[in-house]
Every structure is written in C-alpha cells, then in structure tokens.
Amino acid sequence: MKVKVIPVLEDNYMYLVIEEITREAVAVDVAVPKRLLEIVGREGVSLTAVLTTHHHWDHARGNPELARLRPGLAVLGADERIFSLTRRLAHGEELRFGAIHVRCLLTPGHTSGHMSYFLWEDDCPDPPALFSGDALSVAGCGSCLEGSAQQMYQSLAELGTLPPETKVFCGHEHTLSNLEFAQKVEPCNDHVRAKLSWAKKRDEDDVPTVPSTLGEERLYNPFLRVAEEPVRKFTGKAVPADVLEALYKERARFEQAGEPRQPQARALLALQWGLLSAAPQE
C-alpha cells in the first residue's frame, strides 16, 4: 500500500491510496479532481472509488466533476449531503480494494455524518493508515460543529483504540498552530516542544507534516490527552467530555488572540509518501 499526499486549496490534503500489486487506487476527499487524475495517469493505476470523510465543500467539492469524468466511479461516505454520493456507508462496515482492507468508523462531532477510514493489508510489514478527515489532525482535532463534546470525545476515544503504529493522514495542514496551542496547555511537555521544533523546520522547508502516528498523538495532542492530569488542570475540569469542551473554548480564545498565520505554501505537484518513508520519493 502506497499513499500519495496531495496538497490542495489553501491548507487541505487529498490522498491517493494505491494497491501496488493490482494497481487499484482509492482517493480520499477529492477537492481538485484534475490534479488527482494527473497523478492517477502518471502512476498508471485504476481509480475505482472515492472515500469522502464528510460533506464540507473543501473535502467533497471535486466529486461531481470526477464522477462526470469517470462514469461508474463509486463515491462512498456516511452522509447523504456528500456531493455525488453513490452509496452510504455504515459504521463498522468493511470494504476491500485488492489486498487493502477498509474499516469505516463513524466519528461524529465535526459533522453528524463524519466517517474516518482505517486501512490495512494482511501479512504486510507496513503499518496501517487512518484517514481521519477533520475528526483528528496532527496535534489537534476539528471543530465540533454538529455534535456535542460527548460525541466528539467518544469519536476520538474510538480512534485512540487503533494500533499506536497507525499512520494518521488528516484533512488539513494545521500542525503549527495546533502545537502552539498544545504548548500552552502543557508547557512542560517535552514531546510537544520537540514536535513543535520539528514542525517549524518542516514549514520552513515547505514539506507536509503528515503523517503522524497514533502513538505520537497520544504524547502531544491535548484532545487525546483529556484524562492526563496536566490537561485536566489546565481546563479546571475532570470529566473527559468536560475537559474536551473546555479545550475547544480555550482553543477558540487562543486563535482569536493570535496573529493570523499565512498558510504553508503548496507544491504544484503531489508529494509521494510511502507509509514508512520519512521523505518524498520521486
């Protein structure tokens, strides 16, 4: 399984997942279909399906044009508001694309129909991958727009049960601002400090900060650390859902008080990442 990370729009990511034996490919969150099809053609793969995490414009806007250009393409997701949806998925449903297994995990909170996708191959040394859309990001998570803090907590808790080596491919490049907030929450957390230093260097080099791993996220992402004493102390809350709700409010204040950050410049061509590689490949 190979994952190509494709920066699009202001700070979004879409992805192309390639089964390297059958050369079958699945796209995740198609925002710019022509860019995607250029890469599909260059890779010489057969695009068979689109997995959409949620209905928001910047994650699903490319579906209608892609469906027009590729008649019969399956457009899958959990929300009927998704553009050009051909089949609605259910929580826990499993799909198969060549050797790649996909488990569909309903993760409401950001939207009521948000679906995350957990992908793996049997008997493969590469770690599994999670395409988390706006449910979970590097050092942060999406705003809770259509659900309660309790729902979002349950969604994050479910993702947190996946194997720690799971690679996290999220929907946006928000890593720097997320880590700056994480440092405010836990100023003595060495993992936050080290990750922030690393992310600043990535930003200077105009290189994506995805993927992270779930194991790493548990060390520095405050939204996955709501049971930890420093995070509870920062919020003044004890119940995990209450801690999460307080973190949302504090992050909103933090963002309002901060200087607007210029989005990281985007490369014109997709950056290709193997699940185990630490640098783009040609």
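**Salt bridges, helix packing and surface of a predicted model**

The count of salt bridges comes to 14, where a salt bridge is a side-chain nitrogen of Lys or Arg within 4 Å of a carboxyl oxygen of Asp or Glu. The structure is a predicted model, and the account below begins with several of these pairs. Side chains of opposite charge can pair when their charged atoms come close.

One of the salt bridges joins the side chains of E43 and K4, at 3.4 Å from N to O. E43 belongs to helix 1 (residues 33-43) and K4 to strand 1, so this pair ties together parts that are 39 residues apart in sequence. E43 is buried, with a relative accessible area of 16%, and K4 also counts as buried, at 2%. Both residues take part in a network of salt bridges that links K2, K4, R23 and E43.

Another salt bridge is formed by the side chains of K201 and D205, at 2.5 Å from N to O. Here K201 counts as partly exposed at 47% relative accessibility, and D205 counts as partly exposed at 41%.

A further pair lies in helix 9. E255 forms a salt bridge with R251, and the closest N and O atoms are 4.0 Å apart. Because E255 and R251 are four residues apart in helix 9, about one helical turn separates them. E255 counts as exposed, at 53% relative accessibility, whereas R251 counts as buried, at 7%.

Helix 9 (residues 240-257) also packs with helix 4 (residues 149-159), at an angle of about 105° and with the axes 8 Å apart. An angle of 65 to 115 degrees counts as roughly perpendicular, and helix 4 and helix 9 are therefore roughly perpendicular to each other. On the side of helix 4, the contact is made by A149, Q150, M152, Y153 and L156; helix 9 contributes P240, A241, L244, E245 and Y248.

H55 lies in the loop between strand 4 (46-51) and helix 2 (57-60), and counts as buried at 15% relative accessibility. Leaving aside residues up to four places away in sequence, H55 touches A60, D79, R81, I82, T111 and E146. D11, in the loop between strand 1 (2-8) and strand 2 (12-19), counts as buried at 14% relative accessibility.

F83 is found in the loop between strand 5 (74-77) and strand 6 (87-88). At 35% relative accessibility, F83 counts as partly exposed. Together with L9 and W57, F83 makes a nonpolar surface patch of about 300 Å².

Key. Residues numbered from 1 in each chain as written. Predicted model: local features only at pLDDT ≥ 70, side-chain atom pairs only at ≥ 80, totals over all residues. Heavy atoms only, no water. Patch = residues over 30% accessible without salt bridge, like charges linked within 9 Å, V, L, I, M, F, W, Y side chains within 5 Å. Areas by Shrake-Rupley, 256 points an atom, 1.4 Å probe, with all protein chains shown as cover. Helix = DSSP H or I, 4+ residues; strand = E, 2+ residues; numbered from the N terminus. Buried < 20%, exposed > 50% of the residue type's maximum accessible area, 1.4 Å probe, protein only. Axes fitted to C-alpha atoms, helices over the stretch in contact; angles between N-to-C directions. Parallel < 35°, antiparallel > 145°, perpendicular 65-115°, else oblique. Contact = heavy atoms within 4.5 Å.
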